[in-house]
Amino acid sequence: MSNKATLEIDGKKYEFPLIVGTENEVAIDVKSLRSATGGVITIDPGYKNTGSCESAITFLDGEKGILRYRGYSIEELAEKADFLEVAYLLIFGELPTQDELDKFHSDIKSHSVVDDDIKKILEAFPKSAHPMGVLSSLTSALTAFNPTSVDVDSEEEMYNAIVRILGKFPVLVAWTMRKKHGMPLEYGDDSLGYVENVLKMMFKSPNGDYEQNPILVNALDKLLILHADHEQNCSTSTVRIAGSSHAGLFVSLASGISALWGPLHGGANQAVLEMLEAIKEDDGDTKKYMAKAKDKEDPFRLMGFGHRVYKNFDPRAKIIKVAADEVLSQLGVEDPILDIAKGLEKEALEDSYFVDRKLYPNVDFYSGIIYRAMGIPVEMFTVMFALGRLPGWIAQWKEMRTKKEPIGRPRQLYIGETYREFKTIKNR
Ligand code: CMC
């Protein structure tokens, strides 16, 4: 293949270099387009064809259904690693040795307390507030309690900021849920693993101890790994673009949380469960919802289906589907919603509307069923996604800042009024 792409505008030819990634993906480097052509830009709403960066963190092949973190397959990581190892891998590029992992965990634990005044901010929220809004606000508020900006050229400062947020974020997650359910706010237990500690902070009752259930620990560990990164998705791009203005780590993460909240992105896990519940209430009439999803006059979409990049099975959905069966049977939970989900999946995979558009179940289709079986309230599902995605956001922010990427600032094609003379109010 030639290493150049040629563009012809008004009979004049321009050449642009091709860049090839380590997995042989090809990109046209249009960095010089505007200056070479005297102002021509590309336009690509939703960035369907636009690479925003070169990244060495996550590889995703949507046609083949491949997902790898730093070269390791998601299937192997979900089976053999734990969430903290995966977090380390994503952020620092290599799987940790036992010593590195122990130090990482111990440093995180040393930052697992948040300023008590954060409770006052939390108290000001109404109980009806959605946990994602609360989590985004509290994460942003952490900046006020940890105001020193990170010198990104200092590995030590970068490391300290990373372990600090990894320590404090689970506390905010747990408090967000406890506040909504009128439970007293508690701190974690430093003798526990990262995931065990999350569960205890979320569920410990005020008048009793919390007994760990290995089924729940394993299920949550796996779910967090599967959500840990997904290259340049909406929330990650938001974190990178917010951070590209040299905004700090915590506020960049807070903007990522807001982006994740939407039902087309992380909010889909809550939307899926609500959709399955509605189908159940509607006597399990999946056909009706399939018809709604296909009707172009109806804004309804089959939640948990389709993906910008995957035009094949989302590999995370395959793992989660198996896990849903396992976890429910291990916990002895019979949830009719699981059968509705399986029936809906089967119908969609045999329906030409979904087949032609290559719409497959995504990560959010079955995850909510597991969260629900674990006793996690539906409005917390997207918060759990955020907890899993945290290491990915951090890794991407770190990569962007250490590579000294320029501020993210897209161009536009103006299609509004051309110059008009101002009219005074009586002449309008
Ligand atoms: N139900 C019905 N039709 C759909 C769906 C769906 N879930 N998803 C896509 N389509 C149709 C869409 O109407 C369009 O049809 P046509 O070509 O006739 O206009 C075609 O498929 C292509 O869709 P698109 O909206 O152009 O694709 P996109 O890449 O812009 O959107 C998506 C991707 C994930 C936003 C979309 O598939 C969707 O809204 N899915 C439901 C929400 C969901 O499950 N989101 C979670 C995504 S995975 C977790 C994450 O990483 O966020």
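Predicted model: local features only at pLDDT ≥ 70, side-chain atom pairs only at ≥ 80, totals over all residues.
**The ligand**

The ligand has 22 residues around it, and those that come nearest are His265, Arg301, Leu302, Gly304 and Arg308. Sorted by class, this shell holds 10 nonpolar, six polar and six charged residues.

| Residue | Ligand atom | Distance |
|---|---|---|
| Lysine 48 | oxygen | 3.2 Å |
| Tyrosine 353 | nitrogen | 2.9 Å |
| Asparagine 362 | oxygen | 2.9 Å |

On its own, the ligand has 940 Å² of accessible area, and the protein covers 79% of that area.

**The second largest pocket**

How much space lies in the second largest pocket? The value is about 450 Å³. The lining of this pocket consists of 25 residues. Ala81, Asp82, Val217, Asn218 and Asp221 are the lining residues that lie nearest the centre of the pocket.

Several helices give two or more residues to this lining: H2 (74–80), H3 (83–92), H4 (98–109), H8 (194–203), H9 (214–227) and H14 (315–331). Which helix gives the most to the lining? Helix H9 does, with seven residues.

By class, the lining of the second largest pocket has 14 nonpolar residues, four polar residues and seven charged residues.

Methods
Residues numbered from 1 in each chain as written. Heavy atoms only, no water. Near = heavy atom within 4 Å. Polar contact = N/O pair within 3.5 Å; in protein donor to acceptor, adjacent residues only side chain to side chain. Areas by Shrake-Rupley, 256 points an atom, 1.4 Å probe, with all protein chains shown as cover. Nonpolar A, V, L, I, M, F, W, Y, C, P; charged D, E, K, R; others polar. 1 Å grid on protein atoms, 1.4 Å probe; cavity = no way out; pocket = protein on both sides within 12 Å on 5 of 7 lines; lining within 4 Å. Points joined across faces, edges and corners; volume = space filled by probe spheres on them. Helix = DSSP H or I, 4+ residues; strand = E, 2+ residues; numbered from the N terminus.
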